[in-house]
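Hello,

Here is the structure we talked about passing on. Please have a look, then read my notes below.

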Amino acid sequence: MKFDFSQVLDATLPAPQAQPWNGFPTYNFVGGHNDAGSLPVDKIADACHRILMREGATLATYSVESGPQGYLPLREYLVKKLDKYAAMQCNPDNILLTSGSLQAIDLINSALLPANSSTRPTVIVEESNYGGVLTRLRSLNIDRVAISVDNDGMQTDQLATKLADLKAKGVKPAYIYTIPTVHNPTGTIMSVQRRQHLIDLAVEYDVPIFEDECYADLVWAGTRPPALYAMDSTARVIHVGSFSKTIAPALRVGYVVADWSLIGQLLSLKNDAGSGALEQMLLAEYCTGHFDTHLAALNVNLQQKLATLTTAIDREFGTSAEYIRPPGGIFLWVKLPDGVDTTVLAERAGKEGVAVNPGVEWSLEGDSNRYIRICFANPEPGIIDEGITLLAQICFREFGVPEVGGNLLR
Ligand SMILES: Cc1ncc(COP(=O)(O)O)c(C=O)c1O
């Protein structure tokens, strides 16, 4: 008789997947994927060939002789890149390479929010936020304090009030998590003044800052404010980054930059015998000569796709859709009229092959049920156009808005 695993699986586990994966939806506006046409496949293949011919035999040992922090030439490349793009001063010993930045996030949470902690930890996060972080925080036994985000990033006046309230209750947060440069999902970039205010408050209340810079290179203007890590002089910023959005998410290469007193702890928690070395090696080989030109071209392509998306939204939704055009990134955070339940919309649209993220999955509280997050990097322009047209039709059928599309009454 077949063994029934459900009898040994704990009821507190997340709900299992109903069935094996059966492919991407036709109109795929979720998942934070990259632009396939921008992927430098030939140059990556050359880099891979070169590095394998030169150093392939080092794959015979765990960590390819670079130790558990990851392939040393990639860490050395990152030291230069982070200086050039984010004004950060660090050295290879401050960097831990991880299997995607999600592994970095998990390691940091394991270190700062230990499961067997005697007191229930509190973290401060931006109210609208990356779904992957929110699901992680929800699964931990912790308190979350939300701070609103506006066009200048996290509202630090609100942060000041919340920190004072927490202090009055004797609570010291485990960290302040922020996505300062191209925030997910709003796309905003935190101003330098807000960055300074955030650091000042973190120093005053003696709290670490957890800076997630997943999208920081995808800024159309080509320049960005310094990273919080660069502005802070007290070594309290934990900086997390990724090659997912600049090169390819399936490579699964991310990193943490922090003071050794934290990196050393993360290393003892990262007991996976090392992240995949070949992808780290080919990234070091490829990025050293080509990253800057690749990034400039990628940003042009992404900006064009954003234009395709906003043209389609303006035509199909008209004044029913409100958004702030982001200065970079791969997604648009769109507000729909009162009465539109975007959780229902996402579910109905999903059945017709249009996948969008409903606001509640990308938000801790607030009126997020009127928002959807639309990722535009991966679908081709024709698919973006068709998908938005179909989404507007479904929205009209379910909620009676938008009444006008493409200048025609529906
Ligand atoms: C803000 C943010 N942080 C981290 C990640 C995780 O990225 P990865 O694990 O691919 O590096 C994502 C992915 O979309 C993200 O949006």
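Start with two helices: α3 and α8 lie roughly perpendicular to each other, a label that covers angles of 65 to 115 degrees. Their axes come within 9 Å and cross at roughly 105°. Axes here are lines fitted to C-alpha atoms over the stretch in contact, with angles from 0 to 180 degrees between N-to-C directions. Leu 107, Ser 110 and Ala 111 of α3 meet Leu 262, Gln 265, Leu 266 and Leu 269 of α8; contact puts C-beta atoms, placed from the backbone, within 7 Å. Of these residues, 5 are nonpolar, 2 polar and none charged.

This is a predicted model: local features need pLDDT of at least 70, side-chain atom pairs need 80 or more, and totals for chains, interfaces and linings use all residues. Numbering runs from 1 along each chain as its sequence is written.

Helix α3 (residues 100-112) also gives the most to the ligand shell, with 3 residues. Helices are DSSP runs (H or I, at least four residues), strands likewise (E, at least two), numbered from the N terminus. The ligand is surrounded by 14 residues; the closest are Gly 100, Ser 101, Leu 102, Ser 242 and Ser 244. The cut-off is a backbone-placed C-beta within 6 Å.

Now the sheet. It is open, with 7 strands ordered β2-β10-β9-β8-β7-β3-β4 and mixed pairing. Pairing takes at least two DSSP bridges. β2 (95-98) and β4 (143-147) are the edges; each has a single partner strand, so one side of each lacks a neighbour in the sheet. β7 (175-178) and β8 (209-212) pair in the parallel sense over 3 bridges.

Best wishes

How values were computed:
Angles under 35 degrees count as roughly parallel, over 145 as roughly antiparallel, 65 to 115 as roughly perpendicular and the rest as oblique. Two residues are in contact if their C-beta atoms, placed from the backbone, lie within 7 Å. Ala, Val, Leu, Ile, Met, Phe, Trp, Tyr, Cys and Pro count as nonpolar, Asp, Glu, Lys and Arg as charged, and the others, Gly among them, as polar.
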